[in-house]
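Notebook open, viewer loaded. I'm jotting things down as I look them up, starting with how the chains meet.

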Amino acid sequence: MQKIVFFIVSVLAIVTLTAMMGIILIIFVKGIGVINWRFLTSLTSFDFYGVPQGGIGPAIVGTFLVTGLGLLFSVPLGILGGIFLSEYKTKRRLFSIMRMSVANLAGVPSVVHGLFGMAVFTVFLGFGLSILSASLTLSILALPIVIMVTENAMKNVPNSVREAAFALGAKRWQSALLVVFPAAFSKVMTGVILASVRIAGETAPILFTGATLYLTYYPHGFNEQFMALPYMIWGLVTTSINISASTPFAYGIAIVLITLVAVMNISVMLLRLKMRKRAVL
Amino acid sequence: MEASFNAIPLPKVKTCGGLWINMRKINAVDTILWSSGWISNVIIIAIIFFLFYNWMPLFRMVSPIEFFFGTKWYPTVVPPLYGTLPLLVATIEISLFSLILTFPISLVVTIFMTFVAPKKIRYLLKVFLEFFSSIPSVVLGLIGLSILSSYLQNVFNLDTGLNIFNASLMLTFLTIPMAASMMEDFIVSFPIEQVEGAQALGATNMEILWKVMIPGLKGPFASIAMLSMGRIFGETMIVLMVAGNAAIFPLSVFDPAKPLSATIAAEMGETAVGTSHFYALFGIGAIIFFITLVINIIGEWVRIRYEREMRRS
């Protein structure tokens, strides 16, 4: 009986996992044809029939720019917030409200982030459709992720570390910032990398805060519109003039995105392995 | 760990436990940390404020009853009709359908990983799930749009392959990795005494799974279901690309539909700031925001209650 049930379970699970691997495989098969050096580095253009020519250089630059700026805004703030949540906790009710709001902010749908970013940064503060508004919007998306990761990483540092710091006369903030945080640093880094993967692939928040399908130049200012990889996938297969000719191009961009995600995930894995080795010592 | 931490006699720093800080006893660094701790509350409140600020002017032109219960969403006809009910029904239908698919499949994958697969494969699968969960949703939308849709159209002989079924399927692929890896965490960290107790009574692996673990993990599984639901409910790109963008009452799962989030994403680009359509889209945003807020709060509440129970026992 057990054998039969577990056999059925295995078959179902393997079918699911194969389908997931199949999705990645299909993307690679369909898009590998367009990948070459020119595709990755040159400017985008469309010919007379709406067939995309050239490459996705501006989109790659735009995605890196927006993600980097978003991290620049969110990481320092998120790390400080996470440190506060893990080191300064008391039994007060306000702290549970604080933690609850972090969890809820993490659960806010990305399209609502987009609306909020549009209302605040684009219209209210007058940044317009720009790299600045988009990266600020993305930074709000990344903030709760960084806070939660920092809090968990700091909590996993053993108490003896804190006790040693207090025994040497450190104040609470000195122990938190100068002793516990360095001990948790590499774990925080993994969280930051995962947050950057998340915001690099988001499309909905940049839909109305500054992304555009087609620019003939590389971005050269923070108050300009920009091209982004995920936005370009969506634009090519839904709004371009010649959809069937644009689809392979979209698959090529998907390959670039998936490779980016894979590289980030591998670096996280290597960081974790390194940490595990150090923990043994 | 928590108890011991609080038991350490700390140097008497009057930390900022409450809203009011005693400025003489607190230094600058404490203040900075304290204020960045509150940042997420500030953002949540700002989100609520700005959603309402851009939604409320709508009710000068359209009555709330028409907005919430109207059955026609025609924002571009004159006079425009802003009934969000078909959109809400479409969202709920898609969410429930993909949750029904996600939950058993993730459970099956989890059982395979924890009970059947050898340890090395299990580690590899865990890495793969993490990788798959960080694939951008727009890539899954691309698959649904350009491959699955024509396939569905041929197999089921439909008018269009872009429908609720397609969207739910792609959403399921989006949520399986998250749900499965959370389930795996809970099963791995299940109290070992209970497993060993069952083993001592001669229970097989399957009996441990069905009679010990799953009843014991009811709470966490419910919270996983709620969190996946929250994720599915607000997901935009997949439903925008795959659900078919037709604002009609979806009757079967093979009908095209226009969920709430897709409506915002599809129409906000062509809407001028300050028109009634603009306000209506913010109203939809507010609906999504509050429904996901409630779903997430329930999920968190279930999880916290489970953790408290575990600590007590």
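**Entry 1: the chain contact.** I began where the two chains touch: 76 residues of chain B and 74 residues of chain A take part. On the chain B side I asked which element gives the largest share. That turned out to be helix H14 (residues 276-312) of chain B, with nine residues. I then sorted the chain B side by class and got 52 nonpolar, 21 polar and three charged residues. A reminder to myself that this is a predicted model.

**Entry 2: chain A overall.** Next I went through chain A by itself. Its secondary structure amounts to 11 helices and two strands. Reading from the N terminus, I wrote the order down as α-α-β-β-α-α-α-α-α-α-α-α-α. Along the principal axes, the C-alpha atoms of chain A fill a box of roughly 75 × 65 × 35 Å. Of the 281 residues in chain A, 49% are buried. I also looked at sequence separation: taking contacts in chain A between residues at least 6 apart, 74% join residues at least 24 apart.

**Entry 3: a helix pair in chain A.** How do H7(A) and H8(A) pack? Helix H7 (residues 159-167) and helix H8 (residues 172-200) of chain A meet at an angle of about 145°, and their axes are 10 Å apart. I noted the crossing as right-handed. From H7(A), the contact uses Val161(A), Arg162(A), Ala165(A) and Phe166(A). H8(A) brings Gln174(A), Ser175(A), Val179(A), Val180(A) and Ala183(A). By class this contact comes to six nonpolar, two polar and one charged residues. A general point I keep in mind for such lists: an α-helix has 3.6 residues a turn, so residues three or four places apart point the same way.

**Entry 4: domains of chain B.** Over to chain B, which is split into domain 1 (2-60) and domain 2 (81-312). I have their C-alpha centres 32 Å apart. Seven residues of domain 1 of chain B are in contact with eight residues of domain 2 of chain B. On the domain 1 side I find six nonpolar residues, one polar and no charged ones.

**Entry 5: H13(B).** Is H13(B) enclosed or open? I count six of its eight residues as buried, so H13(B) is largely enclosed by the rest of the structure. The buried ones in H13(B) are Leu260(B), Ser261(B), Ala262(B), Thr263(B), Ile264(B) and Ala265(B).

Entry 6: The peptide bond from Val78(B) to Pro79(B) is cis, with omega near -5°. I located Pro79(B) in the loop between strand S1 (73-74) and strand S2 (81-82) of chain B.

Then two asparagines. Asn157(B) has a positive phi of about 55° although it is not a glycine, and Asn245(B) likewise has a positive phi of about 55°. I found Asn157(B) in the loop between helix H7 (137-156) and helix H8 (164-188) of chain B, while Asn245(B) is in the loop between helix H12 (237-242) and helix H13 (260-267) of chain B. Asn245(B) has 18 C-beta neighbours inside 10 Å, so I put it down as partly exposed.

Technical notes. Residues numbered from 1 in each chain as written. Chains lettered and ligands numbered in written order. Predicted model: local features only at pLDDT ≥ 70, side-chain atom pairs only at ≥ 80, totals over all residues. Helix = DSSP H or I, 4+ residues; strand = E, 2+ residues; numbered from the N terminus. Nonpolar A, V, L, I, M, F, W, Y, C, P; charged D, E, K, R; others polar. Buried ≥ 20, exposed ≤ 12 C-beta atoms within 10 Å, placed from the backbone. Axes fitted to C-alpha atoms, helices over the stretch in contact; angles between N-to-C directions. Left-handed = near helix turned anticlockwise from the far one by under 90°. Domains from an automatic or database assignment.
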